[in-house]
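Subject: Handover of a structure

Dear colleague,

Please find the structure below, together with its sequence. My notes on what was found in it follow.

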Amino acid sequence: MSSVAQKRGFGATLWDWLTTVDHKKIGILYLLGGGFFFIVGGIEAMIIRLQLLTPNNDLVSAGIFNQIITMHGTTMIFLAAMPILIGFMNAIMPLQIGARDVAFPFLNSLGFWMFFFGGVFLNVSWFFGQVPDAGWTSYASLAMASEGHGVDFYAIGLQIAGGGTLLGGINFLVTIINMRAPGMTYMRMPLFTWTTFVASAMILFAFPPLTVGLFLLTFERMFGANFFDPVMGGNTIIWEHIFWIFGHPEVYILILPAFGIFSEIFTIFSRKRLFGYSAMVFATVLIGFLGFMVWAHHMFTVGLGPTANAIFSVATMAIAIPTGVKIFNWLLTIWGGSIKVTTPMLWALSFIPTFVMGGVTGVMLGTAPLDYQLHDTYFVVAHFHYVIVGGTVFGILAGTHLYWPKMFGTMLNETLGKVTFWFFFLGFHLTFLIQHWLGFWGMPRRVFTYMNGQGWNSANLISSVGALLMAIGITIMVYNIIVTSIKNVRVANDPWGDGRTLEWAIESPPPFYNFAQTPLVRGLDTVYIEKMEGNLSGITPAEPVQDIHMPNGSFIPFMLSLGLFIAGFGAMFRTEESWGMAVLVIGLIWTFASMAMRSLKDDLGFYVKKEDILRDMKRKGGQK
């Protein structure tokens, strides 16, 4: 059985990656997929800033500019930030709770391939010359007026990708509830696991409204329904409610895992226990709860009336309270600590003032009278990017440097990491800080050009230069990753030296079965407790060495997702092209055949034999 074990290690073939159900490999696939779309979205952002570099610029037309801003927002939110965070959840969370894998490995694989094919479906629109152009929110009034199949690519692509995200959220919830190691009570879970738990619960409740809205949009555009057409008794504002009931929780789905990553970084590199752990947990849960109660602050100008506006203003300000609790607890964690300024710590330290700035402008926009003045100006663009980039993307870049050695067994170059940080950090503030003033000076968002003499020239030039610095920073990071992978210098279990949670107690990268023996958790920061008591392995086992049952890989998730991808094209072109209906039928048959194969095929998994585990333990120096 050792050959089977070796086959499922990290020296894998393409077939192993296509069929894997190992949570660590799927985490890496999410990072690769999300990273690719992050670069695509970044290129779109650079085109936006080049177009706005000078007044009366004609680099791209108004129509193409609309397509680019739509695809930039959609790609960055749905196909880059969220999948990369789900990649970290996949790779790290099961290790933090001492689990062998996630609860449903097959669904985990299916979730990734649905995201990937949904993202490819959305971006294939560029090759058809019919690109979504109604904004990343795709408001119904614009979406109904959009010609061609651009918005159809948006609706169907996000349906496929969103279905995969929903599967992932359910999977993580069940994993955390049912698969924690003995002794790991809820109040002993690391903060990253807690934020994964709350974000997954939010996915469970936030994505169904998006699914419903996209179905309504698809039926209206493709089958002549009248949900949003005022002439036929519909209402375009209904779309805004449906979208933002999903859209605002989505902001917290994106930021909470980043909060978890920063919490881990502050404890590791301050060499202190997280200050106010219980308060941090309750603040996380409260943010998840209040996140569903503020959606209409995106709609202060649609005419809901003073009562509704006042209620949502108060709710918006209330959600700042648990966020403030987190900020002060992070500061008090650092206070008096023995701080080690590594690349992850640089990102974490810069996150606090950056995110506070984004939070303050959020409270400003939550004040309905001021929002009337600033709505749809560049002030909103600046606020949104301070929160999402200054929070989520900073968290992603910090997490990449922190967890790279655990996932790949090799350390990213610290000097190049710090160069990346300074280029990106300075470029970010240069890009978006000035946009607050552009908003005050009356520049509307989503405009593709502006006239000379309006007072916006210098600010747009500064903003575009900042975007170039950010692009240089990301380029240096990609170079760092390539060089590190080529050198392939192996690192120890805990390369940072101060890891406090279970993932730092096993080798880097972990074996496919994770823990040779299920660990016994003896308290919060259990590995730190073990180190203080002289247990160099960092783990007290909860069981003797025994055979480990693991699931087999499967090609069905790839095939099922490919079937949905094919059916999407058939659905769009069924009435226009002679091949449309045939492709729709083939795609549906392909999908249902894959489902049937999964239902009828017995997958009993395989066992890693006790002798092979003992041999591995002996090779690694033993696990007490």
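Histidine 401 is buried, as its relative accessible area is 2% (buried means under 20%, exposed over 50% and partly exposed in between, with a 1.4 Å probe and protein chains only). This residue belongs to helix 15, which spans residues 378–408; helices (H or I, at least four residues) and strands (E, at least two) are DSSP runs numbered from the N terminus. Leaving aside residues up to four places away in sequence, histidine 401 touches Thr343, Pro344, Trp347, Leu412, Gly417, Met477, Asn480 and Trp496, where contact means heavy atoms within 4.5 Å. A polar atom of the histidine 401 side chain also lies 2.9 Å from the backbone oxygen of leucine 397.

The model is predicted: local features need pLDDT of at least 70 and side-chain atom pairs count only at pLDDT 80 or more, while totals for chains, interfaces and linings use all residues. Residues are numbered from 1 along each chain as its sequence is written, and side-chain values use heavy atoms, with hydrogens and water left out.

Turning to the aromatic residues, the structure holds 68 aromatic pairs (rings of Phe, Tyr and Trp, the last by its six-membered ring, with centres within 6.5 Å; planes under 30 degrees apart count as stacked, over 60 as edge-to-face and the rest as tilted). One of them joins phenylalanine 394 and phenylalanine 425, with ring centres 6.3 Å apart and planes at 50°, so this pair is tilted. Because phenylalanine 394 lies in helix 15 and phenylalanine 425 in helix 16 (residues 414–440), the pair ties together parts that are 31 residues apart in sequence. Both phenylalanine 394 and phenylalanine 425 are buried. The rings of phenylalanine 573 and tryptophan 579 also form a tilted pair, since their planes are at 50°, with centres 5.4 Å apart. Here phenylalanine 573 is buried at 5% relative accessibility, whereas tryptophan 579 is partly exposed at 39%.

Two arginines deserve mention. The charged end of arginine 500 sits over the ring of tyrosine 528, 4.1 Å from its centre, and that of arginine 598 sits over the ring of phenylalanine 106, 3.8 Å from its centre. This requires CZ of Arg, or NZ of Lys, within 6 Å of the ring centre and within 35 degrees of the ring normal.

As for the whole protein, its secondary structure comprises 21 helices and four strands. Of its 624 residues, 58% count as buried.

With kind regards

Methods: A polar contact is a pair of N or O atoms within 3.5 Å; within protein, one must be able to donate a hydrogen and the other to accept it, and residues adjacent in sequence count only if both atoms are side-chain atoms.
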